[in-house]
Amino acid sequence: MRHMAALAHSRVVAVLGPTNTGKTHLAIERMLGHASGMIGFPLRLLARENYDRIVRLRGRNAVALVTGEEKIVPPNPRYFVCTVESMPLDRPVEFLAIDEVQLAADPERGHVFTARLLHARGISETMLLGSDTMRAIVRRLVPEAEFVERPRFSTLSYVGERKVTRLPPRSAVVAFSVSDVFEIAELVRRQRGGTAVVLGALSPRARNAQVGMYQAGEVDYLVATDAIGMGLNMDVDHVAFARLAKFDGKAPRRLSAAEIGQIAGRAGRHMSDGTFGTTADLGPMEPEIVEAVENHRFDPVTGVFWRNARLDMRSLDRLVASLEQRPPSALLVRARAADDEQALAALRRIPDLAQRARTPDGVRRLWEVCQVPDFRKTMSDAHTRMLAQIYRHLTSGTGRLPEDWVAGHLARMDRGDGDIDTLVARIAHVRTWTYITHRGDWIRDAAHWQDRARAIEDKLSDALHDRLTQRFVDRRAALLVKRLAGEEELLAAVTREGTVVVEGHPVGRVEGFRFRPDALGEEEARPLMAAARRVLPSDIALRVRRCAADPDEGFQLTGDGMLVWDGTVIGRLATGPAFLAPAVSVDDSEFLTAPHRDALRRRLATRVEAEVAAVLAPLLRLGRVPLDGPGRGLAFQIAEAQGCLARAGAEPQLAALSPADRTRLTRAGVRFGAEWIYLAPLLRPAAVGLRAVLWGAATGAPPPAAPHPGRLGLPRAEGVPADFYRAIGYPVLGPRALRVDRLEALAAAARRLARSGPFVATKELASLADARLVDLPGMLAALGWRAVVEGDRTTFVADRRRPAAARPEPQPALGGRFAALGALRGGGRGTGGA
């Protein structure tokens, strides 16, 4: 009675005001000024944070921590730091405080805060902390309360909308679904190197690790749900809302101005001003909301949720009836069925459980079991079945949970594998078991099982932090973004293998004169490219000088016209003034200056000229052979035909050719066949391949692949012009292209066979043509032989409609792209007419 009388004279102080006004600091100071005290926080995370703070001030033996999942109670503690639900109100203390009393208006937990508001008192002093929106409610429900206003130490200003990728460092982006949070976090990682992630579903350890990473400056951004709106003390300068609506458990709804203010108030700490706004996707915030948040003026709370705290345990029906009792005041709103009531409704329908709960002790124990939280927030059949099994164990045998049963459940959760969603679900489940193990009257050796559950939760939390960091933090890019924002010189080097290392992190490779960032997409590559622009220009200049000084052996000309240096393509052939004088282009790179490109172009052109001069020397020497007019004209035609000229187009020059000139041309490698006139040295594989490359450069078309060395013939590819095959010395003959010397051999063999009359296509002819028997009719027809079919026998005779030396396909003009032989480097005595 003396205790109740003392409570009646307890001083009640309501400290109301916006965020960042030092309310919690004041309450702890007041509590430590009393001989004993108790303070209730809305979150386990906040309770733990302030417990650690008070332990540093008063020592571990003076402070107890009491939450649903964690109890640290020394023998004779003076101060209790708790979650609001777990406050041991049967212990009298001089001072008692309740934090965030405006949560009495929360549909899910509000009835607990209302009960503390109405009934929890310290012997000497009670302090109610919260938003000024609770002033009217507190005045009516607690008329004896004194009011203390706490003005915000810093200003909070609206700065409008910004793209997520344009947010300043030390920004928090707020969304209200896990999918939105993850999507935004991915974007920030790609653009800014990384972000911390805070979700309500994270365990305190994982949440602290993420926040710690942000506080330590490892990342400059935070993406979170409204879990950051309460009590997480972070150095946030700007809060950006990506959404202004949330799902409240029943349906989506718009945030109230007070809720927006609670979250926006995380920006700015103590005397540092803060800003808030929206992301560009959301659009601007309504002016009336902006005004309310900036001036901390919100609509007052007009009602709080209530549930009868004086429960009747004489029977299940009486318990239910007492839970459903109507509020005694119009200010109190009957709370909707909480999780424990839903659990009770499900369990009392199970016959054997209802039978066990026929006594007051049985009812009380069932209600205690119903308090076991489902942190997965599913209230699924699995949770109901687990509660039923717990109650059966507690009401039979020893009245405790079997240790092997507890061990089996915990063992199934002791796994650190899985993705983020899997680990979040596993942590939620083990938190339920952490709560169970803290019921010392339910389980033997409770301390052992508490340690076991906590070790598993810590292991899973560490794994979850690692997964979040791996997915949403690119430490390399985050460091680069931070260093690039400053003016100091970056520490960088390029290894012998071409790896670019900046501030100790590999960021990509130099390939030729280009930088290839180690990134999967354009957005991820931006900070790497920015770093490269700062450190690579001097290295690229050195590489250009080295390239210009390298001997010809350091370069390769590929079959598709690419020029390779140091294992990388740095240029390519293009259409030039003549077949033998292609142009050279240098592959673009933002690190090459105009003088660099000119130097590289000159070096590559010199390299190509040298290869043409070496490999196609017989073609170049043809212009220096001393010849008369007809001979010079024929030499010019052979050169224009790249060393493979159809005889049918050169008959006038052949008729006028002197025996001496014929001898000179033969010594220069020219062969006079019945079908073609060609330069025999150009049939070597290197010359064939180079002419294929030069044909591609001259025509501007991708060159088809040249025949493999030693290949005498090949099928004519669809869409490839006959001129290509002629230019490389493999004229088209029906369905195939055949090396010109073999074509002449095939034509000569056919003529020999025809001297004895009609002849058949033999394997010997097919072997000579490097072809199949089925290809020979088309090839022989192209040479001027007609097939005669008699029964199952096919013979070939001369086609009287055309000469035996059949005319090949006409050679197309190439638009003046082939210069006269005398215009080539090292040309002869001029041109001659045919």
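Me: Which residues is Leu-319 in contact with, leaving aside its neighbours within four places in sequence?
Reply: Leu-319 is in contact with Leu-311, Asp-312, Met-313, Leu-344, Val-363 and Trp-367. Bear in mind that this is a predicted model.

Me: Where is Leu-319 found, and is it buried or exposed?
Reply: You'll find Leu-319 in helix 10, residues 316-323. Leu-319 is buried, because its relative accessible area is 0% and the cut-off for buried is under 20%.

Me: How far apart are Leu-319 and Arg-364?
Reply: In sequence they are 45 residues apart, while in space their C-alpha atoms are 9.1 Å apart.

Me: OK, new topic. Which residues touch the most other members in the largest nonpolar core?
Reply: Those are Phe-513, Leu-536, Leu-573 and Leu-634, in a core of 67 residues. Helix 26, spanning residues 685-699, gives the most to this core, with 9 residues.

Me: And what else is there apart from that core?
Reply: Another core of 63 residues lies apart from it, and its members include Ala-242, Leu-316, Met-386 and Leu-387.

Me: What lies 3.0 Å from a polar atom of the Asn-50 side chain?
Reply: That is the backbone oxygen of Leu-46. Not counting residues up to four places away in sequence, Asn-50 touches Thr-24, Ile-28 and Phe-41.

Me: Switching to backbone angles, what's the phi of Asp-445?
Reply: Asp-445 has a positive phi of about 50 degrees, although it is not a glycine. Asp-445 is in the loop between helix 16 (420-437) and helix 17 (446-472), and it is partly exposed, with a relative accessible area of 48%.

Me: What about Asp-566?
Reply: Asp-566 is a residue other than glycine with a positive phi, near 55 degrees. Its place is the loop between strand 24 (562-565) and strand 25 (568-578). Asp-566 counts as partly exposed, at 42% relative accessibility.

Me: Last bit, the whole protein. How many helices and strands?
Reply: The secondary structure comes to 30 helices and 34 strands. Of the 834 residues in the protein, buried ones make up 51%.

Me: What's the accessible surface?
Reply: The accessible surface is about 37,500 Å², and 51% of it belongs to carbon and sulfur atoms.

Me: And what share of contacts between residues at least 6 apart in sequence join residues at least 24 apart?
Reply: For this protein that share is 66%.

Key: Residues are numbered from 1 along each chain as its sequence is written. This is a predicted model: local features need pLDDT of at least 70, side-chain atom pairs count only at pLDDT 80 or more; totals for chains, interfaces and linings use all residues. Side-chain values use heavy atoms; hydrogens and water are left out. A nonpolar core is a set of buried Ala, Val, Leu, Ile, Met, Phe, Trp, Tyr and Cys residues joined through side-chain atoms within 4.5 Å. Buried means under 20% relative accessible area, exposed over 50%, partly exposed in between (1.4 Å probe, protein chains only). Helices (H or I, at least four residues) and strands (E, at least two) are DSSP runs, numbered from the N terminus. Contact means heavy atoms within 4.5 Å. Accessible areas come from the Shrake-Rupley method with a 1.4 Å probe; for residues, only the protein chains shown count as cover. A polar contact is a pair of N or O atoms within 3.5 Å; within protein, one must be able to donate a hydrogen and the other to accept it, and residues adjacent in sequence count only if both atoms are side-chain atoms.
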